[in-house]
Amino acid sequence: VNIAVLASGRGTNLQSIINNVENGYIHDANIKAVISDVRDAHALERAKKYGISAVFIDPSEFSDKSEYEKELIKKLEEFNTDLVLLAGFMRILGNKFVRFYKHRILNIHPSLLPAFKGLRAQKQALDYGVKVSGCTVHYVTEDMDSGPIILQECVPVYEDDTEETLENRILQEEHEIYPEAVKLWVEGKV
Ligand code: GRF
């Protein structure tokens with residue numbers, strides 16, 4: 001299975017996937033490329049460190065989202081991508097892209113979906129006052145943070161949590177369930 005990861009930021013989830021391919025937990029899979037919409041995304045540096053192709057596609061060079069996504073698909077196909085992993089990719093993918101990779105795009109989100117979709121899910125959870133939150137790996141469909149759920153893990157929310165402490169607690173679980181979901185997908189068990 002050829003995997004490509006789309007990431008816009010620091011790439012700790014990317015790192016957890018890399019680690020779990022390297023240590024053999026996810027087997028019969030190669031991370032072929034990391035593609036970013038942000039030139040200096042740390043995720044690209046992480047990729048290079050492991051000899052993984054690191055590609056920046058500059059959104060400002062395309063007239064609209066659909067042109068950008070055409071280029072994205074072209075690149076992904078150059079790497080013979082079977083599975084696309086979104087790992088902190090801060091763009092909503094359009095219909096054409098999602099249809100092209102139907103059942104082949106996964107995302108991780110830092111809440112127990114369907115609660116707290118969208119940005120700053122951890123802050124949304126704190127503001128709402130929930131006592132439990134967590135993370136979700138799901139298939140990507142045309143509606144944001146809405147596709148079929150593959151795995152979830154929960155964490156407690158404490159009285160004195162800040163956005164940062166809750167984020168870190170959830171992130172630790174993200175790094176467990178994303179590789180687990182990828183493994184299941186690669187093994188045809190989802
Ligand atoms: C994670 O919280 C993930 O759930 C969300 O974006 C963040 C990415 O973090 N989709 P990182 O770049 O993987 O460290």
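Which residues does Ala7 touch, not counting residues up to four places away in sequence? Ala7 touches Leu14, Val34, Ser36, Ala41, Ala43, Ala87, Gly88 and Phe89, where contact requires C-beta atoms, placed from the backbone, within 7 Å.

## Basis of the model

This is a predicted model, in which local features need pLDDT of at least 70, side-chain atom pairs count only at pLDDT 80 or more, and totals for chains, interfaces and linings use all residues. Residues are numbered from 1 along each chain as its sequence is written.

## Nonpolar core

The largest nonpolar core contains 48 residues. Such a core is a set of buried Ala, Val, Leu, Ile, Met, Phe, Trp, Tyr and Cys residues joined through C-beta atoms within 7 Å; a residue is buried if 20 or more other C-beta atoms lie within 10 Å of its own. Val5, Ala7, Ile17, Val34, Leu85 and Leu106 have the most contacts inside this core. Its largest share, six residues, is supplied by helix 6 (residues 163-186), helices being DSSP runs of H or I with at least four residues.

## Surroundings of Ala47

Ala47 belongs to helix 2 (residues 42-49). This residue is buried because 25 other C-beta atoms lie within 10 Å. Leaving aside neighbours within four places in sequence, Ala47 is in contact with Val34, Ile52 and Ala54.

## Ligand shell

Of the 14 residues around the ligand, Gly9, Thr12, Asn13, Gly88 and Pro110 come nearest; a residue is near the ligand if its C-beta atom, placed from the backbone, lies within 6 Å of it. Helix 1 gives the most to this shell, with three residues.

Terms used:
A residue is buried if 20 or more other C-beta atoms lie within 10 Å of its own, exposed if 12 or fewer, and partly exposed in between; C-beta atoms are placed from the backbone. Helices (H or I, at least four residues) and strands (E, at least two) are DSSP runs, numbered from the N terminus. Two residues are in contact if their C-beta atoms, placed from the backbone, lie within 7 Å.
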